[in-house]
Amino acid sequence: MSRIVYVNGQYLPEAEATVSIFDRGFLMADGVYEVTSVLGGKLIDFAGHSVRLARSLNELDMAAPCSDEELLEIHRELVARNEITDGMIYLQVTRGNPGDRDFAYPDPAVTKPTLVMFTQSKPGMADSPVTKTGIKVISIEDIRWGRRDIKTVQLLYPSMGKMMAKKAGADDAWMVEDGAVTEGTSNNAYIVKNGRIITRQLSTDILHGITRAAVLRFAKEAQMMVEERPFTIEEAQAADEAFFTSASAFVMPVVEIDGASIGAGKPGPVAMRLREIYLEESRKTAI
Ligand code: PDD
């Protein structure tokens with residue numbers, strides 16, 4: 001079955017869906033995106049993702065392509081048409097196609113935003129075997145721009161980071177700025193020490209993860225101690241546990257950082273418990 005994707009009001013087989021070469025997403029990385037997971041055919045934290053999308057658009061003076069209700073409808077239609085049980089919905093909004101290349105923003109009354117959405121099917125993604133062994137990360141310098149709180153499609157450095165990790169025999173990279181970890185290439189980073197969950201506080205230095213917000217809320221509800229502050233790679237290597245969160249990986253244990261084993265060298269109890277709570281609670285409120 002050919003995948004059905006959405007582009008500017010139309011549902012099309014993926015081979016027939018096109019965007020102009022003058023689209024500012026293509027020429028200028030002038031676009032924002034969201035990734036929403038699907039479990040059991042339902043959307044996880046759709047409200048969180050639509051609020052963050054609105055914020056990203058607002059920070060860039062970009063017009064919303066449609067209402068939240070319409071966005072929800074398109075998400076659901078794509079899940080249905082592609083028979084997605086577990087997987088992800090990728091959504092991208094760009095400042096559209098002004099018909100030529102120009103650094104200045106086009107007039108939003110004339111140039112409409114481009115909205116593209118597609119599904120990625122990942123049957124059984126909540127039971128991914130890597131969760132049982134955990135993943136290895138390396139540290140790299142964070143050389144990204146200063147507005148990482150806006151979820152833009154400028155993903156070249158995160159892609160380079162993943163390639164550096166692969167080359168080093170690891171799975172991912174944690175980025176470091178001024179001696180402290182900012183975040184992973186596509187996830188938020190955490191350590192656990194003496195029962196305390198430590199993660200960097202929100203600012204323009206990191207993406208305000210939707211999974212992060214949910215996990216910290218569940219952790220506090222379960223009476224776990226949460227400390228929002230920067231931490232170093234040395235502190236992480238000496239921690240009892242490490243993990244990361246993202247919409248596509250949920251809560252993922254990290255067992256090695258720059259070649260040093262974390263704690264017992266296997267997924268820790270706090271990360272595994274948080275993963276369990278997150279999946280259980282998110283499934284309950286999925287729509
Ligand atoms: N990445 N930090 C960065 C830099 C990210 O790219 C992401 C998400 C996160 C976690 O955010 P959330 O919990 O809202 O997914 C943190 C998505 C999944 C991606 O690019 O595929």
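Two strands pair if DSSP finds at least two bridges between them, and the strands themselves are DSSP runs (E, at least two residues; helices are H or I, at least four), numbered from the N terminus. With that in hand, let's start the tour. You're looking at a predicted model, where local features need pLDDT of at least 70 and side-chain atom pairs count only at pLDDT 80 or more, while totals for chains, interfaces and linings use all residues. Residues are numbered from 1 along each chain as its sequence is written, and side-chain values use heavy atoms, with hydrogens and water left out.

**Stop 1: the open sheet**

Select residues 4-7, which make up strand S1. S1 pairs with S2 in the antiparallel sense over four bridges. Click on Ile4 and look across to S2: its bridge partner there is Pro13.

Now bring up the whole open sheet of six strands, in the order S2-S1-S6-S5-S3-S4, with antiparallel pairing. Strands S2 (10-13) and S4 (42-43) each have a single partner strand and stand at the edges, so one side of each has no neighbour in the sheet.

**Stop 2: two helices across the sheet**

Next, select residues 68-81, helix H3. This helix lies across S1, S2, S3, S4, S5 and strand S6 (114-121), and runs at about 35° to S6. (Axes are lines fitted to C-alpha atoms, for helices over the stretch in contact, and angles run from 0 to 180 degrees between N-to-C directions; contact means heavy atoms within 4.5 Å.)

Then pick H2, residues 46-59. H2 lies across S3 (31-39), S4 and S5 (87-94), at about 180° to S3.

**Stop 3**

Zoom in on Ser50, which sits in H2. Ser50 has a relative accessible area of 7%, so it is buried (under 20%; exposed is over 50%, partly exposed in between, with a 1.4 Å probe and protein chains only). A polar atom of its side chain lies 3.1 Å from the backbone oxygen of Ala47.

Move along to Ser56, also in H2. Ser56 counts as buried because its relative accessibility is 1%. Leaving aside residues up to four places away in sequence, Ser56 touches Val32, Ile150 and Lys151.

**Stop 4: strand S10**

Finally, select residues 188-193, strand S10. Five of its six residues are buried, so S10 is largely enclosed by the rest of the structure. Five bridges join S10 to S13 (residues 241-246), and the two run antiparallel. Find Val192 opposite Glu241 in S13.

S10 also pairs with S11 (residues 196-199), antiparallel over four bridges, and Ile191 stands opposite Ile198 there. S10 and S11 form a hairpin with two residues between them, and Asn194 in the turn has a positive phi of about 50°.

Technical notes: A polar contact is a pair of N or O atoms within 3.5 Å; within protein, one must be able to donate a hydrogen and the other to accept it, and residues adjacent in sequence count only if both atoms are side-chain atoms.
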